[in-house]
Amino acid sequence: MAELLKALKRAPGAIAWYVQDLMGDNSYQRYLEHHRSNHGQEHQPLSERQFWRQRMDDQDRNPGARCC
Amino acid sequence: MTSELQRTTIEAESSDELQPDPSLPPTAVPEHELRREGKWTWPKALLWAAVALLGGIAWVMIAIVRGETVNAIWFVFAAVCSYLIAYRFYSKVIQRFIARPDDRRATPAEVKADGKDFVPTDRRVLFGHHFAAIAGAGPLVGPVLAAQMGYLPGTIWIIVGVILAGAVQDYLVLFFSMRRGGRTIGQMARDELGRIGGTAAMIASLLIMLIIVAILALVVVNALGESPWGVFSVSMTIPIALFMGVYLRYLRPGKITEVSLIGFVLLIAAIVAGGWVAATPWGAELFHLDRTTIAWGIIVYGFIAAVLPVWLLLAPRDYLSTFMKIGVIVMLAGAVVVVRPEITVPAFSEFAGGELGPVFSGPLFPFLFVTIACGALSGFHALIASGTTPKLIEKERQSRFIGYGGMLMESFVAIMALVAAISLDRGIYFAMNSSPAATGGTIEGAVAFVNGLGLMGVNLTPDMLSSAAAAVGEESIVSRTGGAPTLALGLAHIMQQFLGGAAMAGFWYHFAIMFEALFILTAVDAGTRVARFMLQDTIGNVFPKFKNTAWRPGVWISTAIMVAGWGYILILGVTDPLGGINTFFPLFGIANQLLAVIALAVVLAIVVKRGRSYFKWLWIVALPLGFAAVVTITASMFKIFSAVPQVGYWANNIAFRDALAAGETSFGTATSVEAMEAVVRNTSVQGTLSIVFVTLAIIVLISSIVASVTALRNGGGDNHEDAPVASRRFAPSGLIATTAEKTIEREWAALPADRQPESVRH
């Protein structure tokens with residue numbers, strides 16, 4: 001019972017995490033983390049706005065198919 | 001690049017490079033743990049016996065017991081139990097003997113991690129991504145049309161087909177693309193089959209993309225023709241998407257879920273408002289458009305959407321589409337389980353034995369198998385499973401869950417669509433899906449035509465048609481071909497019993513039309529862009545300037561060519577005197593399945609080249625490849641050579657040309673000389689496309705067989721996989737982590753933060 005309650009308490013957070021990750025909200029954070037661990041301090045990471053712009057421009061250059 | 005070097009078969013390769021870092025916890029579940037988990041225990045055996053028993057009973061209920069009706073819940077049980085068994089047993093056979101993943105080996109997402117294209121992604125999130133990319137309107141449309149044959153042929157093909165063919169293709173293409181750093185199916189074809197096979201595969205994918213876009217667009221046109229409500233609410237998706245695009249670009253970058261929720265609310269508002277607008281005289285007049293106008297609208301839209309920047313229209317539409325996809329499928333499955341509609345459609349209909357059904361013509365074999373492509377076996381998935389998804393997989397063993405599992409999920413969507421279609425009265429079903437050429441587009445014509453079909457237990461009255469149309473806020477539902485309106489009516493029929501009652505039927509109907517249109521228009525945008533990209537690349541070989549995607553005239557010219565390509569076929573379909581969908585849809589299915597033949601042919605060559613120990617298991621790939629090849633080639637032959645005018649494009653072409661030559665002014669359903677000339681033109685386009693498709697597929701097939709036979713003789717062939725790199729991270733392979741996996745996860749979690757790999761959770 002206590003287990004079940006704990007699981008229920010966790011559910012909204014888990015759903016929010018899932019939806020946000022699925023939709024891509026966390027992409028910038030992920031990029032920052034990647035940048036921090038791979039490029040160190042000497043390179044400035046992109047700002048959030050720059051990051052999203054670049055991401056969209058990449059898609060412009062290299063489109064992905066959607067299925068039927 | 002080491003991957004370019006010639007190497008021997010994969011079997012002969014040593015795995016010395018994969019020696020794990022001794023200071024890190026394990027990167028793979030040890031072999032003995034896997035064996036221990038594979039051991040049977042009593043609870044496990046009982047559980048699987050129960051699943052098998054329930055599935056067996058469900059199959060008996062739908063396939064053997066012949067009552068007056070059958071409850072839809074049995075379709076759900078039969079499907080889900082079959083999927084579970086296939087996933088637990090068959091996909092593991094494929095994993096063990098064909099794919100042979102090795103979690104000690106890093107995936108491209110880990111090796112090439114760049115924080116953007118190559119990102120190790122949580123397996124459950126990636127499953128959602130992959131599913132949203134593969135599933136669209138296809139699995140919703142094909143099964144509806146196939147319901148003409150009765151429910152059983154379609155059900156068997158969707159479930160058995162996905163297990164032995166569709167999911168196998170998706171899984172293996174995904175896996176092999178992952179081992180090649182995310183190479184596309186076209187590039188893999190060139191690597192494995194040589195230049196001729198590779199080029200044929202590329203041309204075929206480009207043409208197939210065009211035909212698929214054209215016919216999906218035709219489905220939307222048919223759903224929106226003469227429907228002010230539908231036209232209004234679907235057009236509103238454009239300003240909504242523009243708003244979302246601007247919001248994300250300038251107001252709150254990165255808040256995708258937030259803007260998608262806002263978009264979703266606006267979408268619902270647009271559907272409700274559509275009902276009001278269509279009820280006003282000005283709204284009814286303004287948004288009452290004939291199909292040709294809508295088709296031109298979509299062509300213009302397709303061009304503009306493909307040259308506009310992605311952030312403005314395509315990306316936000318894509319977000320909305322993903323959001324709707326997951327939501328709609330959960331909702332539909334929930335409603336079918338709660339409402340459990342009774343199905344009165346026979347297992348095999350009167351048309352199952354013949355070839356002259358009004359929805360699509362041709363005998364059950366092979367045409368049922370091309371009519372239902374998406375949901376059972378969809379070649380288009382090979383384009384998705386190679387490319388994006390393989391660059392995001394965190395661990396090799398997850399490819400089974402994502403590739404095989406994702407396709408099972410799409411198959412389930414197809415079953416739901418079939419259930420929705422067959423929960424309708426059969427008379428209404430045929431009135432909606434017979435071409436306007438047969439029904440004359442009027443209620444009286446439809447009643448006379450459907451009652452004249454001689455269907456058991458069907459007694460259609462004019463009142464049934466007019467009240468069904470009025471209930472969902474439409475002027476008429478006669479000859480609303482293309483599958484989408486039928487699915488929408490079926491869904492409205494089920495959903496209103498679940499939520500909202502009869503007053504909500506109109507909302508649910510237009511909700512269904514809306515999401516189908518949304519999926520399709522996203523596919524049209526993206527398909528045009530991808531096709532343009534391929535074309536730019538090809539023209540670029542002659543005029544290098546075209547390769548530069550930033551050179552706007554090149555973008556415009558290539559986009560215009562591609563839009564003209566699918567737009568031409570779309571216009572032919574819309575103005576086809578023989579009906580449109582019933583003559584063009586087989587081309588869609590054949591094209592899609594031919595792509596599957598190409599993908600499986602590439603996979604076969606790859607597997608043979610892996611070496612001798614794989615030869616015994618080649619049937620796993622050869623079986624779906626053989627079946628798909630026989631189906632598509634037979635279907636193409638019917639379309640090219642059949643002497644029955646309703647089936648063979650050229651037979652029809654000749655019949656109409658003879659009639660014109662004899663000076664007749666009407667022939668069959670064509671009532672004027674122009675209409676007869678249109679039939680001659682359409683059938684020659686269709687017939688030519690059939691010939692081109694089948695020729696290209698046969699070239700690919702032969703090059704695959706040649707490559708495979710050579711490899712068989714030599715005991716294997718060159719290995720084109722990227723060089724193995726030892727992995728430095730761990731993640732469970734399936735939906736739920738096993739005990740052993742949890743233990744290893746804990747060990748990783750205990751590492752100091754600076755030694756941990758980048759997390760997939762945020």
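How many of the residues of H24(B) are buried? In this predicted model, 29 of the 29 residues of H24(B) are buried, and the helix is described as mostly covered. Helix H24 of chain B spans residues 581-609. From the first C-alpha to the last, H24(B) reaches 42 Å, close to the 42 Å expected for its 29 residues at 1.5 Å a residue. After H24(B) comes B:Gly611, which has a positive phi, near 130°.

For helix H12 (residues 291-307) and helix H22 (residues 505-540) of chain B, the axes come within 9 Å and cross at roughly 65°. The crossing of H12(B) with H22(B) is right-handed. On the side of H12(B), the contact is formed by B:Gly302, B:Ala305 and B:Ala306, while H22(B) contributes B:Val524, B:Asp525, B:Thr528, B:Arg529 and B:Arg532. Sorted by class, this contact comprises 3 nonpolar, 2 polar and 3 charged residues.

Helix H22(B) also takes part in the contact between the chains. This contact involves 47 residues of chain B and 32 residues of chain A. Several elements give two or more residues to the side of chain B that touches chain A, among them helix H5 (123-134), helix H8 (185-224), helix H10 (256-279) and H22 of chain B. The most is given by H22(B), with 7 residues. By class, the residues on the side of chain B that touches chain A are 24 nonpolar, 17 polar and 6 charged.

Note on methods:
Residues are numbered from 1 along each chain as its sequence is written. Chains are lettered from A and ligands numbered from 1 in the order in which they are written. This is a predicted model: local features need pLDDT of at least 70, side-chain atom pairs count only at pLDDT 80 or more; totals for chains, interfaces and linings use all residues. Axes are lines fitted to C-alpha atoms, for helices over the stretch in contact, and angles run from 0 to 180 degrees between N-to-C directions. Helices (H or I, at least four residues) and strands (E, at least two) are DSSP runs, numbered from the N terminus. A crossing is left-handed if the near helix is turned anticlockwise from the far one by less than a right angle, and right-handed if clockwise. Two residues are in contact if their C-beta atoms, placed from the backbone, lie within 7 Å. Ala, Val, Leu, Ile, Met, Phe, Trp, Tyr, Cys and Pro count as nonpolar, Asp, Glu, Lys and Arg as charged, and the others, Gly among them, as polar. The expected span of a helix is 1.5 Å times one less than its number of residues. A residue is buried if 20 or more other C-beta atoms lie within 10 Å of its own, exposed if 12 or fewer, and partly exposed in between; C-beta atoms are placed from the backbone.
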